[in-house]
Amino acid sequence: MTEISGFDVAVIGGGVIGAAIAYHAAKRGMSVGLFEKGPLAAGASGASMGLRSIWVWSHLLPIESGLRNDQRFIDFADETGEDIELDTSGRIITANSEDDLGYMHDFVERLQKRGIEIRLLDQAEIRDVEPNLSPRVIGAAWSPIGGNAMPIKLTYALARAAKRLGASIYTHTPVTAVHVAGGQAVGVQAGGRSYKAQWVVNAAGAWCKAIGKMADVEVPVAPRKGQIMLLNAPAGLLRHGIASLHKPGPQQTGGTNIRPTPHGQILCGGTSEYADFDVTAREQNIHDIARRCVELVPALAHLSVLRSWAGVRPRTADGEFIISGSEKLDNFLIATGHDFVGVTHSLVTGELITEMMIDGKTSTPIDAFRLSRFDTEPNR
Ligand SMILES: Cc1cc2nc3c(=O)[nH]c(=O)nc-3n(C[C@H](O)[C@H](O)[C@H](O)COP(=O)(O)OP(=O)(O)OC[C@H]3O[C@@H](n4cnc5c(N)ncnc54)[C@H](O)[C@@H]3O)c2cc1C
């Protein structure tokens with residue numbers, strides 16, 4: 001096997017997480033090789049809705065870090081000049097059950113106590129902020145924080161920006177082995193060639209488990225299918241992204257999410273299914289998504305479906321991220337488990353993994369995301 005020059009870091013996976021890591025590592029001066037088995041955004045990132053939320057998921061990530069996500073997106077777009085269809089118009093969260101409403105009250109109060117701009121809306125205000133929201137929505141909260149970004153454009157923009165900073169982006173180049181020697185990952189084999197690397201980062205989304213096996217590191221991640229659909233919509237039907245609120249915890253579902261695109265369309269999602277790596281869009285799911293979305297915004301009932309598709313989200317056993325080294329190989333890093341919120345937390349993940357490699361510590365405490373919390377690690 002030909003061995004060609006190496007990198008400071010070999011990143012496996014050209015989704016939004018791998019691309020964000022490549023960008024941040026390159027920005028801080030590392031030489032980067034990014035390896036993607038298909039085109040960029042071939043996995044979950046190419047199927048995603050692109051809502052950016054701060055609060056609903058990853059209750060383990062300190063809220064202050066989540067709050068900076070808006071700024072991270074603004075900075076990325078400003079610094080690179082890339083068009084990622086960034087929308088910072090804020091978010092509406094709806095409660096769909098009395099239980100969720102109770103949780104929403106506590107949650108809004110908790111955030112307000114920390115000085116975060118968010119408030120509950122009464123029925124009149126709901127109509128003011130989002131006139132087409134159903135009068136049957138039992139409760140809603142509004143925050144100017146969050147919005148949307150177009151996930152495919154974001155992934156490509158990150159990879160392009162990384163490339164401008166010197167990164168090598170290898171698409172259609174599957175990683176087939178992780179080379180290990182002396183208790184360290186020393187490189188990867190990809191597209192029939194061997195590449196040396198000081199660090200190897202497994203950012204292969206729902207495929208992280210298979211990549212982990214190549215290094216004999218168990219990564220407890222499963223593919224969780226999500227289907228969404230795109231509707232043709234009259235301009236101005238919706239002003240904001242809308243998402244139903246659910247309590248955090250292992251039983252999280254995809255919830256009901258709706259967002260307008262800048263192209264006069266509306267995205268509606270989603271499902272949450274364990275179906276291995278099957279990404280077939282199913283008619284039954286379209287009906288289910290449509291029913292839930294029409295309950296939130298009745299005017300959607302009159303719109304035509306342009307297309308529907310599905311992707312597989314990387315889901316850990318406890319629903320939280322893995323942003324971690326491994327006990328066996330501490331220079332084999334893992335960045336996955338982003339499930340419903342990988343777009344939202346892409347830039348921060350890129351920063352954190354880069355800090356682990358360059359600074360040996362992270363600016364935000366992320367002990368909760370260690371791989372060793374699972375009993376698959378040898379010295380747990
Ligand atoms: C329907 C749907 C809606 C969503 N909506 C939202 C949303 O509104 N907001 C939000 O924040 N998040 C959302 N998400 C979640 C988000 O899209 C994911 O969390 C995120 O895309 C995960 O990114 P990733 O880079 O980890 O994985 P992926 O995008 O799956 O990337 C992993 C990549 O690794 C590659 N790969 C696999 N094996 C190999 C190999 N051997 N060699 C090289 N490359 C390999 C794959 O081809 C793939 O491109 C949604 C997801 C879905 C499916």
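Guide: Two strands pair if DSSP finds at least two bridges between them. Helices (H or I, at least four residues) and strands (E, at least two) are DSSP runs, numbered from the N terminus. Keep in mind that this is a predicted model, where local features need pLDDT of at least 70, side-chain atom pairs count only at pLDDT 80 or more, and totals for chains, interfaces and linings use all residues. Residues are numbered from 1 along each chain as its sequence is written.

Visitor: How many bridges join S10 to S11, and do the strands run parallel or antiparallel?

Guide: Strand S10 covers residues 184-190, and strand S11 covers residues 193-202. Four bridges join them, and they run antiparallel. Find Val188, then look across to Tyr195 in S11, its bridge partner. The two strands make a hairpin, with two residues between them. Gly191 sits in that turn and has a positive phi of about 60°.

Visitor: What is the bridge partner of Val200 in S18?

Guide: Phe332 is the partner of Val200. Strand S18 spans residues 332-336. Three bridges connect S11 and S18, and this pair runs parallel.

Visitor: Where is Asn331, and which residues does it touch?

Guide: Asn331 lies in the loop between strand S17 (322-324) and S18. Two residues are in contact if their C-beta atoms, placed from the backbone, lie within 7 Å. Leaving out residues up to four places away in sequence, Asn331 touches Gln184, Ala185, Gln198, Trp199 and Val200. Met357 is 26 residues from Asn331 in sequence, yet their C-alpha atoms are 8.1 Å apart.

Visitor: Is Asn331 buried, exposed or partly exposed?

Guide: Count neighbours. A residue is buried if 20 or more other C-beta atoms lie within 10 Å of its own, exposed if 12 or fewer, and partly exposed in between. Asn331 is partly exposed because it has 18 other C-beta atoms within 10 Å.

Visitor: How do I read a helix such as H6? What span is expected for it?

Guide: The expected span is 1.5 Å times one less than the number of residues. H6 (residues 151-164) has 14 residues. From first C-alpha to last it reaches 20 Å, close to the 20 Å expected.

Visitor: Which residues of H6 are buried, and what covers them?

Guide: The buried ones are Pro151, Leu154, Thr155, Tyr156, Ala157, Leu158, Ala159, Ala161 and Ala162. Their cover includes helix H1 (16-27), strand S2 (32-35), helix H3 (69-80), strand S8 (168-170) and helix H9 (346-358). Just after H6 comes Gly166, with a positive phi of about 110°.

Visitor: Which residues other than glycine have a positive phi here?

Guide: Most residues other than glycine have a negative phi, and most peptide bonds are trans. Ala41 has a positive phi of about 60°. Asp216 also has a positive phi, near 60°. Ala41 is in the loop between S2 and strand S3 (51-52). Asp216 is in the loop between helix H7 (208-214) and S12. Ala41 is buried, because 24 other C-beta atoms lie within 10 Å. Asp216 is exposed, because 12 do.

Visitor: Where is there a cis peptide bond?

Guide: Look between Gly269 and Gly270, where omega is about -15°. Gly270 is in the loop between strand S15 (265-269) and helix H8 (283-296).

Visitor: Why is Ala233 called buried?

Guide: Ala233 is buried because 21 other C-beta atoms lie within 10 Å. Ala233 is in the loop between S12 and strand S13 (241-244). Beyond residues up to four places away in sequence, Ala233 touches Pro260, Gly264, Gln265, Ile266 and Leu303.

Visitor: How is the chain divided into domains?

Guide: Bounds come from an automatic or database domain assignment. Domain 1 is 3-46 + 152-220 + 318-373, and domain 2 is 91-144 + 223-316. Their centres, taken over C-alpha atoms, are 30 Å apart. Contacts link 16 residues of domain 1 with 11 residues of domain 2. On the domain 1 side, six are nonpolar, seven polar and three charged. Ala, Val, Leu, Ile, Met, Phe, Trp, Tyr, Cys and Pro count as nonpolar, Asp, Glu, Lys and Arg as charged, and the others, Gly among them, as polar.

Visitor: How many residues surround the ligand, and which are closest?

Guide: A residue is near a molecule if its C-beta atom, placed from the backbone, lies within 6 Å of it. Here 45 residues surround the ligand, and the closest are Gly15, Gly43, Ser48, Gly205 and Gly342. H1, strand S12 (221-232) and strand S16 (305-316) each give two or more residues to this shell. The shell has 22 nonpolar, 19 polar and four charged residues. Domain 1 and domain 2 each supply at least three residues.
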